[in-house]
Amino acid sequence: MLDHGTPSGAALTSALTTFSKSKVTGRDQYVLLITDGGECCSCNTTDYDIGVAQQLWQAGIKTFVVGFGGDGDPTLLNNLACAGHTATNFATDCSCTSAGCVASSSVNSTTTPLYFKAGDGPTLQKALTSVTNQTCCDCNLPPN
C-alpha cells in the first residue's frame, strides 16, 4: 500500500542538519514549514515532528508553521508552532518544560490556531508576509 504522505519530519531533520553546519554567530536562522498538517494519512509520527522542531529550537533555529488547506491536524500544528517558539500568544498558550514546548492543554486547537492558517493563495500570501515581518530587520510589508 502506498501512503502518499508529506514527510515533514524528514524535512525538519534535513533543515536541522543543514542549518547546524552553517550556523553563524549573531545571525538568526529560521525554518518555514508549510504543511497540510500530517506526516502521512495513516501513520502517527506527531511526536517525531514535534521533537525535531524542539531540537531546532535548542539549536537556535525558530520554526514557523503554516497550515495549508483544511484537512490538517490542528493539534499537531499548534504543538509544532509552540515547539518552534513562533506560536501566536506563545507566552500564554504554550506550555514549556526542559524537554521543549507544546500547546497548553487549555488551548482548543480547533478554534484557536497558534500557527498561520492558509487555505488559498491570498491567505498564504498574508501568512508569508507575517513571517517576513517577524524575521526581517526593518521590514514592514503591507498585508495584501
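This is a predicted model: local features need pLDDT of at least 70, side-chain atom pairs count only at pLDDT 80 or more; totals for chains, interfaces and linings use all residues.
This is a short talk about one protein model, going from its overall layout to a few of its residues.

Hi everyone, and thanks for coming. Residues are numbered from 1 along each chain as its sequence is written, and side-chain values use heavy atoms, with hydrogens and water left out.

Let's start with the layout. The protein has five helices and five strands; here helices (H or I, at least four residues) and strands (E, at least two) are DSSP runs, numbered from the N terminus. Reading from the N terminus, the order is α-β-α-β-α-α-β-β-β-α. Of the 144 residues, 35% are buried. Buried means under 20% relative accessible area, exposed means over 50%, and partly exposed is in between, with a 1.4 Å probe and protein chains only. The accessible surface is about 8100 Å², and 54% of that belongs to carbon and sulfur atoms. Those areas come from the Shrake-Rupley method with a 1.4 Å probe, and for residues only the protein chains shown count as cover.

Now for contacts, meaning heavy atoms within 4.5 Å. Among contacts between residues at least 6 apart in sequence, 66% join residues at least 24 apart.

Next, please find helix α3, residues 74–83. How many of its 10 residues are buried? Eight are, so the helix is mostly covered. Among them are Leu76, Leu77 and Cys82. Just after α3, His85 takes a positive phi of about 65 degrees.

Move on to Thr86, in the loop between α3 and α4. Is Thr86 buried or exposed? With a relative accessible area of 9%, Thr86 is buried. A polar atom of the Thr86 side chain lies 2.6 Å from the backbone oxygen of Thr63. Leaving out residues up to four places away in sequence, Thr86 touches several residues, including Phe64, Ala81 and Leu114.

Phe64 brings us to the rings. Rings of Phe, Tyr and Trp (its six-membered ring) pair if their centres lie within 6.5 Å; planes under 30 degrees apart count as stacked, over 60 as edge-to-face and the rest as tilted. By this rule there is one aromatic pair. The rings of Tyr30 and Phe64 have centres 5.8 Å apart and planes at 50 degrees, so the pair is tilted. Because Tyr30 lies in strand β1 and Phe64 in strand β2, the pair ties together parts that are 34 residues apart in sequence. Phe64 is buried, at 3% relative accessibility, whereas Tyr30 is partly exposed, at 26%.

Ile34 is also in β1, residues 29–35. At 40% relative accessibility, Ile34 is partly exposed.

One last stop: Ser20, in helix α1. Ser20 and Ala59 are 39 residues apart in sequence, yet their C-alpha atoms are 7.1 Å apart in space. Ser20 is partly exposed, at 43% relative accessibility.

That's my tour, thank you!

Notes
A polar contact is a pair of N or O atoms within 3.5 Å; within protein, one must be able to donate a hydrogen and the other to accept it, and residues adjacent in sequence count only if both atoms are side-chain atoms.
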